Amino acid sequence: MSLALTHARFRILETARIPVAVVGGAFFPAASMLFFVVPFAGDDPAGATYATASMVMFAVMTSSLFTYGVGVAEDRAQPWDPYSRTLPAGPAVAFTGRVLSGLTFMFLSLIPVVVIGAALTAATASPVQLLLALGAVVLGALPFTFMGLAIGYSLPTKAALAVAQIIFFPLAFGGGLLSAPGDAPGFVETIAPFLPTRGAAELLWAAVGDFTVSATAMVSLAAWTVAAAGLAAWAHRRDEGARFS
């Protein structure tokens with residue numbers, strides 16, 4: 001585990017040397033809070049709480065898809081990556097370090113959203129609700145983390161960026177992250193339970209408010225997580241085989 005932490009520390013320091021890479025992950029969710037949540041739902045405690053939770057999941061999606069998708073693709077193009085896979089520690093250590101560093105930046109991207117929600121809206125959450133929300137964030141991040149890894153291990157950098165962008169908005173809009181629970185257009189409400197974004201959002205809504213999760217959304221979230229994990233594992237094995245064949 002100490003070697004994995006060393007790899008994580010290396011990746012965190014590497015990214016921190018480029019501040020825009022850290023700020024960029026938090027910018028869009030924070031800007032969405034300022035432009036869409038604060039003016040329109042800021043005075044409604046329930047609405048602001050649900051909207052803040054949605055923007056938290058928005059930040060999780062942004063961080064997971066782009067940090068892993070584009071980050072892994074960029075690393076694969078560097079000479080250090082194939083060399084690191086030949087070291088005695090093995091690829092699992094570097095992989096674990098990558099996941100830990102990604103989680104670190106994911107949680108950093110949530111801070112501005114939470115601070116804006118607490119300072120500029122009527123959103124409320126008890127310590128217990130915040131703890132439950134933390135668990136919901138971890139569970140909700142899983143499918144998007146695996147999607148990002150699958151993209152990163154399958155595609156070159158330019159293609160990975162394009163695919164991450166193509167996947168991101170339809171999942172966010174189709175899952176109902178850009179509207180309050182029950183207020184999305186009819187066709188969105190129809191397809192939302194079958195997308196991982198809706199299941200992840202419902203976990204957060206249930207953690208911070210009086211919201212009952214949908215069984216369909218939970219089953220879909222689990223199915224997407226398993227499928228994305230399988231795809232990520234396949235992409236990783238394929239990349240390993242291509243490099244050492």
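In the protein chain, residues 24 or more positions apart account for 80% of the contacts with a separation of 6 or more, a contact being a pair of heavy atoms within 4.5 Å. The model is a predicted one, in which local features need pLDDT of at least 70 and side-chain atom pairs count only at pLDDT 80 or more, while totals for chains, interfaces and linings use all residues. Residues are numbered from 1 along each chain as its sequence is written, and side-chain values use heavy atoms, with hydrogens and water left out.

The secondary structure comprises ten helices and zero strands, so named from DSSP runs numbered from the N terminus (helices: H or I, at least four residues; strands: E, at least two). From the N terminus on, the elements therefore read α-α-α-α-α-α-α-α-α-α. Of the 245 residues of the chain, 45% count as buried. Here buried means under 20% relative accessible area and exposed over 50%, with partly exposed in between (1.4 Å probe, protein chains only).

Helix α1 covers residues 2-16, and its end C-alpha atoms are 21 Å apart, which agrees with the 21 Å that its 15 residues should span at 1.5 Å a residue. The expected span of a helix is 1.5 Å times one less than its number of residues. The buried residues of α1 are Ala-4, His-7, Ala-8 and Arg-11. Seen down the helix axis, these buried residues fall within an arc of 100 degrees, so they line one face of α1; the arc is that of the directions from the helix axis to the C-beta atoms. An α-helix has 3.6 residues a turn, so residues three or four places apart point the same way. On the face of α1 turned away from its buried side are the exposed residues Ser-2 and Arg-9.

Which residues does Ser-101 contact, leaving aside its neighbours within four places in sequence? They are Ala-8, Arg-11 and Ile-12. Ser-101 belongs to helix α5, residues 91-120, and counts as buried because its relative accessibility is 6%.

Helix α3 can be described in the same terms. Its 32 residues should span 46 Å at 1.5 Å a residue, and its end C-alpha atoms are 46 Å apart, which agrees. Because 27 of the 32 residues of α3 are buried, this helix is largely enclosed by the rest of the structure. Ser-54 is located in α3 and is buried, with a relative accessible area of 2%. Not counting residues up to four places away in sequence, Ser-54 touches Leu-177 and Trp-205.

The second largest pocket holds about 400 Å³ of space. Of the 19 residues that line this pocket, Thr-52, Val-56, Val-114, Leu-130 and Ala-133 are the closest to its centre. On a 1 Å grid over the protein atoms alone, a pocket is an open set of points with protein on both sides within 12 Å along at least five of seven lines, whereas a cavity is a set where a 1.4 Å probe fits but cannot get out; lining residues have an atom within 4 Å of a point. Grid points are joined across faces, edges and corners, and a volume is the space filled by probe spheres set on the points. Helices α3 (45-76), α5, α6 (127-154) and α9 (196-208) each supply at least two residues of the lining, and α5 gives the most, with six residues. By class, the lining has 15 nonpolar, four polar and no charged residues. Ala, Val, Leu, Ile, Met, Phe, Trp, Tyr, Cys and Pro count as nonpolar, Asp, Glu, Lys and Arg as charged, and the others, Gly among them, as polar.
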